[in-house]
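My notes follow in the order I made them.

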Amino acid sequence: MKLEDLTPKQRLKAEKWLAIIRECINSDLSNEKWCEQNNVSIKSYYYYLAKLRKMAIEQIPYKKIG
């Protein structure tokens with residue numbers, strides 16, 4: 001799914017999780033420790049991390065060869 005295909009509600013959720021992921025990455029803690037201290041489910045963290053990475057990859061245009 002591409003970012004532009006998201007509904008406004010889905011876009012808000014994606015932005016929320018992107019902010020959470022950025023905050024965790026920018027901390028000096030491990031993902032597990034940061035999630036524990038911030039009451040974030042580690043399973044949800046990794047789920048949305050994978051989902052957002054996939055959406056980011058899908059935004060990169062393919063170069064047609066030939």
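**Entry 1: helix α1.** The face of α1 turned away from its buried side carries P8, L12 and R22, which are exposed. I keep in mind that this is a predicted model. Next I listed the buried residues of α1 and found A14, W17, I20, I21 and C24. They cover an arc of only 125° around the axis, so they are on the same side of α1. I then asked what covers them. The cover over the buried residues of α1 includes α2 and α3. I also checked the length of α1. Its 18 residues should span 26 Å at 1.5 Å a residue, and the end C-alpha atoms are 26 Å apart, which agrees.

**Entry 2: C24.** C24 has a place in helix α1. How large is its relative accessible area? I read 1% for C24, and because buried means under 20%, C24 counts as buried. Setting aside neighbours within four places in sequence, I found C24 in contact with L29, N31, W34 and Y45. I looked at W34 separately. C24 and W34 are 10 residues apart along the chain, and their C-alpha atoms are separated by 6.1 Å.

**Entry 3: helix α3.** α3 has 18 residues. From first C-alpha to last, α3 reaches 26 Å, close to the 26 Å expected at 1.5 Å a residue. Which residues of α3 are buried? I noted Y45, Y48, L49, L52 and M55. Looking down the axis of α3, I saw its buried residues fall within an arc of 135°, so they line one face of the helix. On the other side of α3, I found K43, R53, K54 and I57 exposed. The buried residues of α3 pack against α1 and against α2, residues 31–37.

**Entry 4: α1 against α3.** I turned to the pair itself. At what angle do the axes of α1 and α3 cross? Helix α1 (residues 8–25) and helix α3 (residues 42–59) have axes that come within 10 Å and cross at roughly 110°. Angles of 65 to 115 degrees count as roughly perpendicular, so α1 is roughly perpendicular to α3. From α1, the contact is made by K13, A14, W17, L18, I21, C24 and I25. From α3, S44, Y45, Y48, L49, L52 and M55 take part. I sorted the contact of α1 with α3 by class and got 11 nonpolar, 1 polar and 1 charged residues.

**Entry 5: L52.** L52 has its place in helix α3. L52 is buried, with a relative accessible area of 16%. Not counting residues up to four places away in sequence, L52 touches A14, W17, L18 and I21. I also took the C-alpha to C-alpha distance from L52 to S41. These two are 11 residues apart in sequence and 16 Å apart in space.

**Entry 6: N39.** I moved to a loop. N39 is found in the loop between α2 and α3. Is N39 buried or exposed? N39 is exposed, with a relative accessible area of 74%. I then checked its backbone. N39 has a positive phi of about 55°, although N39 is not a glycine. I flagged this because most residues other than glycine have a negative phi.

**Entry 7: I65.** I65 is exposed, with a relative accessible area of 82%. How far apart are I65 and L6 in space? I65 and L6 are 29 Å apart, C-alpha to C-alpha, and 59 residues apart in sequence.

Notes:
Residues are numbered from 1 along each chain as its sequence is written. This is a predicted model: local features need pLDDT of at least 70, side-chain atom pairs count only at pLDDT 80 or more; totals for chains, interfaces and linings use all residues. Side-chain values use heavy atoms; hydrogens and water are left out. Axes are lines fitted to C-alpha atoms, for helices over the stretch in contact, and angles run from 0 to 180 degrees between N-to-C directions. Helices (H or I, at least four residues) and strands (E, at least two) are DSSP runs, numbered from the N terminus. Angles under 35 degrees count as roughly parallel, over 145 as roughly antiparallel, 65 to 115 as roughly perpendicular and the rest as oblique. Contact means heavy atoms within 4.5 Å. Ala, Val, Leu, Ile, Met, Phe, Trp, Tyr, Cys and Pro count as nonpolar, Asp, Glu, Lys and Arg as charged, and the others, Gly among them, as polar. The expected span of a helix is 1.5 Å times one less than its number of residues. Buried means under 20% relative accessible area, exposed over 50%, partly exposed in between (1.4 Å probe, protein chains only). The arc is that of the directions from the helix axis to the C-beta atoms.
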